[in-house]
Amino acid sequence: ALDKEKADHLRYKVDGDMVKLFITPYRTTIDERDLEYSQGDYNVDFVLAIGVSSEDDLDVALSSHGQILSDATVASVSLEEDSNLGSISWNDKNASSYSEIVASLVKDLGDKELLDEQIATALLTGIVAATDRFSNAKTSSRVMTTAADLMGAGANQQLIAVQLEQANEITTNDRREAEPEPESEAAPTEVKPEKPKDQVGA
């Protein structure tokens with residue numbers, strides 16, 4: 001903020017990643033003591049809340065600006081129960097994971113450019129982890145189709161296998177370190193009978 005009596009003209013220029021402001025003073029000089037800074041509201045049109053059931057679960061950076069939730073369209077995605085957040089609620093109890101839901105959403109949008117190799121790998125990682133490498137009850141024909149689509153989009157299956165294996169090894173080692181070591185039982189001591197003393201006759 002600046003006292004309007006000190007400014008004659010104001011213009012801005014976009015220079016790369018920077019926005020430069022140019023202030024022409026009016027019959028005076030301007031320095032940093034004349035300027036005041038404050039943070040305005042974010043310009044947000046749409047909020048997609050994944051796995052969020054209420055405002056209490058929102059990130060502090062978002063919940064601290066309540067104007068965002070009132071001005072923007074809020075859609076919530078959940079696996080188990082309907083969310084009370086937002087005007088749009090998408091619940092899919094048959095999905096294996098949020099990764100599968102997001103992958104389906106991207107596919108329905110019909111824009112292939114939204115799904116690059118890195119994003120496809122991330123989504124497939126979530127599906128592989130949730131289905132325990134396609135071996136538990138969450139594995140379905142729809143899951144396999146979604147996984148095939150992600151691989152077709154460039155998902156790196158070998159990288160996923162290596163990363164999940166390393167994560168599993170770390171978890172296993174952490175559990176072993178957390179478990180107390182069983183106390184070792186003392187080995188039984190063998191007691192040898194004493195030899196009888198020689199008796200001396202009278």
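Start with the contacts of the whole chain (contact: heavy atoms within 4.5 Å). Residues 24 or more positions apart make up 50% of those with a separation of 6 or more. This is a predicted model: local features need pLDDT of at least 70, side-chain atom pairs count only at pLDDT 80 or more, and totals for chains, interfaces and linings use all residues. Residues are numbered from 1 along each chain as its sequence is written, and side-chain values use heavy atoms, with hydrogens and water left out.

Now colour by secondary structure. Helices (H or I, at least four residues) and strands (E, at least two) are DSSP runs, numbered from the N terminus. Their order from the N terminus is β-β-β-α-α-β-β-α-α-α-α.

The accessible area is about 16200 Å², with 49% of it on carbon and sulfur atoms (Shrake-Rupley method, 1.4 Å probe; for residues, only the protein chains shown count as cover). Of the 202 residues, 21% are buried. Buried means under 20% relative accessible area, exposed over 50%, partly exposed in between (1.4 Å probe, protein chains only).

Select the open sheet next. Its three strands run in the order β3-β4-β5, paired in parallel (two strands pair if DSSP finds at least two bridges between them). β3 (46-50) and β5 are the edge strands, each pairing on one side only. The twist averages 15° from one strand to the next. Zoom in on β4 and β5: four bridges join them in the parallel sense. Pick S76, and find its bridge partner S89 in β5.

Move to α3. This helix lies across β3, β4 and β5, at about 130° to β4. Axes here are lines fitted to C-alpha atoms, for helices over the stretch in contact, and angles run from 0 to 180 degrees between N-to-C directions. Show S99, E100, I101, A103 and V106, which are buried in α3. The buried residues of α3 pack against β4 (73-78), β5 (88-91), α4 and α5. Just after the helix, G110 has a positive phi of about 75°.

Finish with the cores. A nonpolar core is a set of buried Ala, Val, Leu, Ile, Met, Phe, Trp, Tyr and Cys residues joined through side-chain atoms within 4.5 Å. The largest has 14 residues, and L115, L124 and L150 touch the most other members. α3 (98-109), α4 (117-130), α5 (141-152) and α6 (157-178) each give two or more residues. α4 gives the largest share, five residues. Centre on L115: leaving aside neighbours within four places in sequence, L115 contacts V106, A120, L123, L150 and A153. Apart from this core lies another, of nine residues, including A49, V52, A72 and V74.
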